[in-house]
Amino acid sequence: MKKELLTCLCLLFLAFGFSQTTEEIVEAIQKEANENSQLEPLAHQLMDVIGPRLVGTPQMKNAHDWAVKKYAEWGIIAENQEWGKWKGWQRGITHIDLVSPRVVSLSGMQLAWSPSTGKKGVTAHLIALPMVSDSLEFVKWLPKVKGKFVMVSMNQPTGRPDYNWEEFATEESFEKMKNERDAQQKEWGENMKNTGYTSRNINKALEAAGAVGILQSRWSNGFGANKIFSAGTDKIPAVDLSLEDYGLLYRMVKNGANPQIKIVAESEDMGAVPTFNTIATIPGKELPDEYVILSAHFDSWDGATGATDNGTGTITMMEAARILKKIYPNPKRTIIIGHWGSEEQGLNGSRAFVEDHPEIIKNMQALFNQDNGTGRVVRISGQGFLHAYDYVGRWLDAVPEDITKHIETTFPGAPGGGGSDYASFVAAEAPAFSLSSLSWSYWNYTWHTNLDTYDKIVFDDVRNNAILTAIMAYMASEDPEKTSREKATLIGKNPRTGEPRTWPKPRSPERNGGLN
Ligand SMILES: [Zn+2]
């Protein structure tokens, strides 16, 4: 009997009294991440099944609901916190065909919030923007767009990215192409100024003049990659065409082949809909009112499935949270995972969170944000916090060398602009850090493009980042000291104003987007 009691007490001691060492926790985090990774199923559910997550779309709401359910499966409390309203919109079928002088199905898609053509679609001839010397000449030309699709982008001289020219072209030929393209771009920019409009607001003028639709091609300087942003029209559809299909139509228009196309671009305007942040919480045991935040925006543009912007940041934070809940279920400080809405339209979800939760911001120990693609983390900056070197350095010391050897740190660094959601917190003088990734051709190929899909995810790098995030969160939570917020003296001048640099000011979110 006595012996049994002893064993029992012993087990109790092992389960509750015996605290694991940092080495043991770090080891267990790695083991869980490497041997029981959930990254692939998470990526599949989020990117393949839910799809793009444009603010105001039903898919965005599906993603929020899915995350709450996923966290519940892991025993983590989560909820969707409403922070505003947005114009609700749902993408339908896009089908674009050249119908004359020959039939070709074209590669393109309607832009975000594009008005619908209905099932029947619209068939019409095309016109390209003219070269004008001033806005008067443009106004005189405008009536010609009536009943036509208008081509509003510059026709690119080549669909081959520069690295491809560099590899195969003769030096003279590459130089010649670049010079001609530079001249063409300069002329195009000057001509746009002459019209009195910008590429952002010209669509509305064309719409008002009776155009039946807008064709653009916003090349992203990589094979087959185009940026897919918003339509900028109220009644007529706006579509993006692949570089080559746009070029085909453009050459036909310029050479008098008088092409005719048919566009079916169905969509649904759903009026005002609520917008959310998904907030998950692992309550702290010793210091429940101090917070470590894992941060990644949840929304995306909808040219593809937002796999690297910011699906990979999202699943990194979810996987880190899952691992922490399993290995470190009773953190010293409270761990919050913030999946922000509408980062893409101006950090709106995170700015709203900062505005709505001053008590959390005041007691925030640290925040780790990831939002620049699938690559392993290669840069961490002190973000302008004078003592970040001490505490971020201390936390990094616990991370295995095969992860830290890729990371270059800058201390104290600078607060930086508005690149991603960490900036919303830095502006509130709360220590927030960006886990900045290796590019993997992010800017040309996946960032806001039609190619940001599952196949671009590099799971080994994402797993590396989930381990890093989990260890940093654990270390920040366990740190005996509360982090310092003392700001470094900012050196240099603001390149925009020429004034000495100052700490960025908190900005209010847009809480009523796309609604008149
Ligand atoms: Zn992003």
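This is a predicted model: local features need pLDDT of at least 70, side-chain atom pairs count only at pLDDT 80 or more; totals for chains, interfaces and linings use all residues.
**Entry 1: the domains.** I began with distance: the centres of domain 1 and domain 2, taken over C-alpha atoms, are separated by 36 Å. Where they touch, domain 1 supplies twelve residues to the contact and domain 2 supplies 13 residues. For the bounds, I wrote down 21–87 + 272–513 for domain 1 and 102–258 for domain 2.

**Entry 2: the core.** Next I looked up the largest nonpolar core, which has 121 residues. Which members touch the most others? I found Leu-324, Leu-367, Ala-470, Ile-471 and Ala-473. Helix H17, residues 459–478, is the top contributor to this core, giving eleven residues. Both domain 1 and domain 2 give residues to the core, so it lies between them.

Leaving out residues up to four places away in sequence, Ile-471 touches Val-26, Ile-29, Ala-398 and Val-399.

**Entry 3: helix H3.** This helix covers residues 39–50. I checked its length: twelve residues at 1.5 Å a residue should span 16 Å, and the end C-alpha atoms are 15 Å apart, which agrees.

Which residues of H3 are buried? My list reads Leu-39, Leu-42, Ala-43, Leu-46, Met-47 and Ile-50. They cover an arc of only 120° around the axis, so they sit on the same side of H3. On the face turned away from that buried side I found the exposed residues Pro-41, His-44, Asp-48 and Val-49.

I also asked what covers the buried residues of H3. The cover includes helix H4 (58–73), helix H10 (307–327) and H17. Just after H3 comes Gly-51, with a positive phi of about 90°.

**Entry 4: helix H7.** Is H7 largely buried or in the open? The number of buried residues among the 25 is one, so H7 lies largely in the open. Gly-196 follows H7, and its phi is positive, near 90°.

**Entry 5: the sheet.** My last stop was an open sheet of three strands, in the order S13-S12-S15, with mixed pairing. S13 and S15 stand at the edges with a single partner strand each, so one side of each has no neighbour in the sheet.

I followed the pairings from S12, residues 377–381. S12 runs parallel to S13 (residues 408–410), and three bridges join them. In S13, Thr-410 is the bridge partner of Ser-381, and Glu-408 is the bridge partner of Arg-379. With S15 (residues 436–437), S12 pairs in the antiparallel sense over two bridges. There, Val-377 stands opposite Ser-437.

Conventions: Residues are numbered from 1 along each chain as its sequence is written. A nonpolar core is a set of buried Ala, Val, Leu, Ile, Met, Phe, Trp, Tyr and Cys residues joined through C-beta atoms within 7 Å. A residue is buried if 20 or more other C-beta atoms lie within 10 Å of its own, exposed if 12 or fewer, and partly exposed in between; C-beta atoms are placed from the backbone. Helices (H or I, at least four residues) and strands (E, at least two) are DSSP runs, numbered from the N terminus. Domain bounds come from an automatic or database domain assignment. Two residues are in contact if their C-beta atoms, placed from the backbone, lie within 7 Å. Two strands pair if DSSP finds at least two bridges between them. The expected span of a helix is 1.5 Å times one less than its number of residues. The arc is that of the directions from the helix axis to the C-beta atoms.
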